[in-house]
Amino acid sequence: MLEGIFVDGLIFSIMVIGVLISYRILDFADLTCDGSFATGAAVATMAIVQGTGLVTALLLASAAGAIAGVITATIHNQLKVPGLLAGILTMTMLYSINIRILGGRANIPLLRITTIYTKFPLIFSSLSQSWALLVGTLLIVLFVKISIDIFFRTDLGISIGALGSNEQMIISMGINPKLLKVIGMGLSNGLIALSGGLLAQYQGFADANLGQGMVVQGLAAIMIGEFLFDSNRISLITLRVIFGAIIYKALMFLGRYYGYYIKLTPSDLKLLTGILVIVSLIIAQTRSAASSADARKKALRRNKARRVAEQKEVDHVEN
Amino acid sequence: MLKIEQISKVFYPNTVNEKTAIEYVDLMVNAGDFITVVGSNGSGKSTLFNLISGSYPVTGGKIILNGKDVTHTPEYKRAFTIGRIFQDPTTGTAAKMSIEDNMITALYKGMKGLRISLNSANRDLFRKELNQLSMGLEDRLKDNVGLLSGGQRQALTLLMTVLSRPKMLLLDEHTAALDPRNAQIVMDLTTKFIARYNLTSLMVTHNMQHAIDFGNRLIMMDGGRIILDLAAEEKKSLTVLKLVQMFKSIKKQDYASDEDLLTP
Ligand SMILES: Nc1ncnc2c1ncn2[C@@H]1O[C@H](COP(=O)(O)OP(=O)(O)OP(=O)(O)O)[C@@H](O)[C@H]1O
Ligand SMILES: [Mg+2]
């Protein structure tokens, strides 16, 4: 059961890394995510049902998500509408497309079919079933994490980060910001769809509504991660995202499992998630206010020390 | 180097807010020129720079850069030739990234690839470059730029701009937000880099003494037009007082000609 939470959290963490790229790195409030997550699930499921290889199915799922991200970025770039609106447009259109991908149905089961999650126990046959699933998922997440860490150390990756921080600087360096946004959004939604493709196989079905509320859940996980430690190093940022995703899933599990003592139902979890994000925002705000107040006090003390030292020097010279 | 022919800029045309910020301006900038630009608030200096760099489209006229018509070329492409520094020290650097990450994006102009250029050789280069600022930044490569003071950030912006090897610099009151000591440091670095890399430069300043002391040419703007263009010889004998008097006498002429228009 505990392993289940970890598998759930790890699959989710790939999605959260996608949200991290749009929201935190690119500073692009992207809602495509709610659609592209289900797209990934739908594409992977249909590919597997039709007998393509498992790796191919996951690659197709990511590619479909990446295309969705590229469309959002293109709408934003060419029509000069805010990213938020561009994302909502794509997300809405994706809802219809996802049902088309699923052959006109709202969900498709993956029963008695080989998926990556029926394979893991065979590959790691020395482990128990649940541990095999955990180890398999962990390896995939590590692969994704390390690839993303390396990508954001390349010149291209760093310039995408700089774009999110200061678009004018990117323009001044002779780079087309529109192109960077297309790349970043493609990457973000590619990861989100990959996560969807994995979840469909883990839970054994794809559903056109799978992505609902994903953005907010992703943000909650990111904020939980940000409480853990502070860093500007990408490898630590993705690490804390993974921790945040697992903690989030554990909290939701507790809510589902023990919530019924306080009359919580599963449908209350979205409310809880929203409250979690709001509380995180409040804590983050008070924290940053406190730390800047602290920094100001330190600066005053430093100044005083310097003045005292300078006075001493002057006294010294005068004597 | 740069030839501007009859450019104009009208903001919000056909509305109550219609504003002509630049009116039929001609300007010829020769390679190696260091031009100081003066003029009162709202006279169109920043708008002129925005038109040259491509931040705003022109309403009319032509801009020729290095013999090529760039009137409709996007800003990021013109940036291969033009380096720009603004008054606000936060505009030139990415606050949420480390100094070394900022410098790596400035190491060469244009679209970046999947290469990892941030290696020890380039870190050494960055330390060496930062060392000339004498601000101790060479020991802080991994610190976020947001932690630096305005003066440090502006010096870093200047360094990054010249690191990317533009042919031309547009400086828009780039020391105005700094205290006198930091302004002096950044100004010294500016002249040093302009001379070392032989950069053709335009510098807007409200400091008349700076406008006179620096550069080989001075232009004065007013009401969206260039009303005075002094070459090196005339500039040498210039004093702040003379400059102000010139401004006043030009303005008077303006009034006089307006009156001419009124009297039949
Ligand atoms: N983006 C804009 N939209 C509308 N009007 C603008 C815009 N930018 C500038 N203007 C107007 O154009 C005129 C010239 O402004 P500009 O910023 O070029 O002046 P400036 O010479 O740089 O002044 P300052 O010394 O205060 O920086 C002003 O009247 C200003 O209000
Ligand atoms: Mg200005």
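Start at A:Asp27, which sits in the loop between α1 (2-25) and α2 (32-49) of chain A; helices here are DSSP runs of H or I with at least four residues, strands are runs of E with at least two, and both are numbered from the N terminus. This is a predicted model, where local features need pLDDT of at least 70 and side-chain atom pairs count only at pLDDT 80 or more, while totals for chains, interfaces and linings use all residues. Residues count from 1 along each chain as its sequence is written, chains are lettered from A and ligands numbered from 1 in the order written, and side-chain values use heavy atoms, with hydrogens and water left out.

**Positive phi angles**

- Most residues other than glycine have a negative phi.
- A:Asp27 counts as exposed because its relative accessibility is 53% (buried means under 20% relative accessible area, exposed over 50%, and partly exposed in between, using a 1.4 Å probe and protein chains only).
- In chain B, B:Tyr24 also has a positive phi, about 45 degrees, although it is not a glycine.
- B:Tyr24 belongs to strand β2 (residues 19-29) of chain B, and at 57% relative accessibility it counts as exposed.

**Chain A at a glance**

- Chain A has 12 helices and 2 strands, and along the sequence they run α-α-α-α-β-α-α-α-α-α-β-α-α-α.
- The C-alpha trace of chain A spans about 95 × 50 × 40 Å along its principal axes.
- Chain A has 319 residues, and 50% of them count as buried.
- Take the contacts in chain A between residues at least 6 apart in sequence: 77% of them join residues at least 24 apart (contact means heavy atoms within 4.5 Å).

**Two domains in chain A**

- Between domain 1 and domain 2 of chain A, the count of salt bridges is 0 (a salt bridge is a side-chain nitrogen of Lys or Arg within 4 Å of a carboxyl oxygen of Asp or Glu).

**Two domains in chain B**

- Chain B is assigned a domain 1 in two stretches, 2-81 + 166-262, and a domain 2 covering 95-165.
- Taken over C-alpha atoms, the centres of domain 1 and domain 2 of chain B are 28 Å apart.
- The contact in chain B uses 17 residues of domain 1 and 15 residues of domain 2.
- Domain 1 and domain 2 of chain B bury about 1,400 Å² between them, with 71% of it on carbon and sulfur atoms.
- In domain 1 of chain B, B:Pro166, B:Phe193 and B:Tyr197 supply 35% of the area buried against domain 2, more than any other three residues.
- The salt bridge count across this interface of domain 1 and domain 2 of chain B is 0.

**Aromatic rings**

- Over all chains there are 11 aromatic pairs (rings of Phe, Tyr and Trp, the last by its six-membered ring, pair if their centres lie within 6.5 Å; planes under 30 degrees apart count as stacked, over 60 as edge-to-face and the rest as tilted).
- A:Tyr117 and A:Phe120 make an edge-to-face pair, 5.2 Å centre to centre with 90 degrees between the planes.
- Both A:Tyr117 and A:Phe120 lie in helix α5 (residues 116-123) of chain A, 3 residues apart, about one turn of the helix.
- A:Tyr117 is buried at 5% relative accessibility, and A:Phe120 is buried at 6%.
- Over in chain B, the ring centres of B:Phe193 and B:Tyr197 are 6.2 Å apart with planes at 25 degrees, so this pair is stacked.
- B:Phe193 is buried at 0% relative accessibility, whereas B:Tyr197 is partly exposed at 23%.
- One aromatic cluster in chain A is made of A:Phe253, A:Tyr257, A:Tyr258, A:Tyr260 and A:Tyr261.

**Charges over rings**

- A:Lys249 lies over the face of A:Phe12, 4.7 Å from the ring centre (a charge sits over a ring if NZ of Lys or CZ of Arg is within 6 Å of the ring centre and within 35 degrees of the ring normal).
- B:Lys112 lies over the face of B:Tyr108, at 4.4 Å from the ring centre.

Technical notes: Domain bounds come from an automatic or database domain assignment. Buried area is the accessible area (1.4 Å probe) that two parts lose on being put together, summed over both.
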